[in-house]
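Dear colleague,

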Amino acid sequence: MYGNDFGPKITADGDAGDDPALLDGFQRTLDAGDRIEPRDAMPAGYRKTLIRQIAQHAHSEIIGMQPEGNWITRAPSLRRKAILMAKVQDEAGHGLYLYAAAETLGASREELLNLLHDGKQKYSSIFNYPTLTWADMGAIGWLVDGAAIVNQVPICRCSYGPYARAMVRICKEESFHQRQGFEILDTLSRGNPSQHAMAQDAIDRWWWPSLMMFGPPDDQSPNSAQSMAWGIKRFSNDELRQRFVDMIVPQAKILRLALPDPDLRWNAETEHWDFGPIDWAEFFGVLKGDGPCNEQRIAHRRGAHTDGAWVREAALAYADKHVARTAAVA
């Protein structure tokens with residue numbers, strides 16, 4: 001998921017009234033490395049955590065369509081336009097898979113969307129930054145989708161079956177998205193000086209927000225420890241962030257682009273790349289609604305939902321008519 005895992009602390013034993021015998025069976029399933037399925041007994045806290053995480057992930061997919069959809073009509077070639085359209089369509093599909101996974105936990109899609117529109121559920125802070133140039137499509141593909149892959153591949157082994165299975169296809173498609181971004185930046189970096197400068201500017205703006213995607217430091221992430229104990233998360237925010245940096249640094253050298261961190265250096269002792277301090281004040285500010293595009297993103301989402309009401313109503317009317325016809329024939 002997109003890692004802004006920040007909310008009210010959830011206790012390990014779930015809500016009061018959970019049956020101890022059922023909780024024991026739940027824990028045995030986790031200890032055996034098996035998956036929890038929708039009809040299995042689970043702690044109320046486990047269900048609540050999953051709904052929050054899956055909903056945030058789904059919201060991020062559909063809100064994330066906006067920064068890139070903004071460039072479909074301005075793509076530099078028909079090929080680029082077709083690829084970007086396909087990518088944005090993929091993101092819509094990812095949201096659909098994830099809302100369906102949340103529905104298996106008893107949360108309706110309508111309920112989750114209403115919570116998003118009312119500002120009561122969050123999406124990834126990364127999508128509250130503007131896409132100023134075509135090179136941003138490359139930076140989003142390479143950095144943002146690259147961070148998403150690092151975050152999401154472990155969720156394919158999540159303890160909750162529907163979420164884990166949804167992530168298998170999502171991760172396969174995200175890998176193509178990252179390659180698309182890398183190829184855009186590679187083309188620009190090999191171009192004329194102004195094209196190379198455009199690519200470098202995009203990296204300068206998207207590098208630090210991409211590192212923030214993994215969520216706050218472990219000592220400031222109230223839900224991470226419990227999510228890991230339940231097998232929802234497999235690695236901590238800081239572990240995933242380090243994996244991402246270690247993956248991206250050699251790729252940046254291939255692209256002939258510089259990462260905007262003067263403290264970035266190889267640590268022979270840890271065999272990892274050390275990186276500079278992250279501006280967490282910026283992260284929490286964007287998370288609270290003070291980012292460059294927060295208001296724009298949610299206003300557009302509300303407007304699209306309102307404008308699409310007739311489509312939902314027509315689909316429901318057709319479904320009701322189909323049920324009635326089937327019943328009449330029977």
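Please note that this is a predicted model. With ring centres required to lie within 6.5 Å to count as a pair, there are nine aromatic pairs. Phe26, Tyr46 and Trp230 are joined by ring pairs into a cluster.

Two arginines are placed over aromatic rings. Arg74 lies over the face of Trp71, 3.9 Å from the ring centre. Over the ring of Phe235 sits the charged end of Arg243, at 3.9 Å from the centre of that ring.

Turning to the helices, I describe two contacts made by helix 7.

Helix 2 (residues 44–63) and helix 7 (residues 161–189) have axes that come within 13 Å and cross at roughly 25 degrees. Because angles under 35 degrees count as roughly parallel, helix 2 is roughly parallel to helix 7. The crossing of helix 2 with helix 7 is left-handed. On the helix 2 side, Leu50, Gln53, Ile54, His57 and Glu61 take part, and they meet Tyr163, Met167, Ile170 and Glu174 of helix 7.

The axes of helix 4 (residues 78–103) and helix 7 come within 10 Å, crossing at roughly 160 degrees. Since angles over 145 degrees count as roughly antiparallel, helix 4 is roughly antiparallel to helix 7. Helix 4 also passes helix 7 in a left-handed crossing. The residues of the contact between helix 4 and helix 7 are 11 nonpolar, four polar and nine charged.

Yours sincerely

Technical notes:
Residues are numbered from 1 along each chain as its sequence is written. This is a predicted model: local features need pLDDT of at least 70, side-chain atom pairs count only at pLDDT 80 or more; totals for chains, interfaces and linings use all residues. Side-chain values use heavy atoms; hydrogens and water are left out. Rings of Phe, Tyr and Trp (its six-membered ring) pair if their centres lie within 6.5 Å; planes under 30 degrees apart count as stacked, over 60 as edge-to-face and the rest as tilted. A charge sits over a ring if NZ of Lys or CZ of Arg is within 6 Å of the ring centre and within 35 degrees of the ring normal. Axes are lines fitted to C-alpha atoms, for helices over the stretch in contact, and angles run from 0 to 180 degrees between N-to-C directions. Helices (H or I, at least four residues) and strands (E, at least two) are DSSP runs, numbered from the N terminus. Angles under 35 degrees count as roughly parallel, over 145 as roughly antiparallel, 65 to 115 as roughly perpendicular and the rest as oblique. A crossing is left-handed if the near helix is turned anticlockwise from the far one by less than a right angle, and right-handed if clockwise. Contact means heavy atoms within 4.5 Å. Ala, Val, Leu, Ile, Met, Phe, Trp, Tyr, Cys and Pro count as nonpolar, Asp, Glu, Lys and Arg as charged, and the others, Gly among them, as polar.
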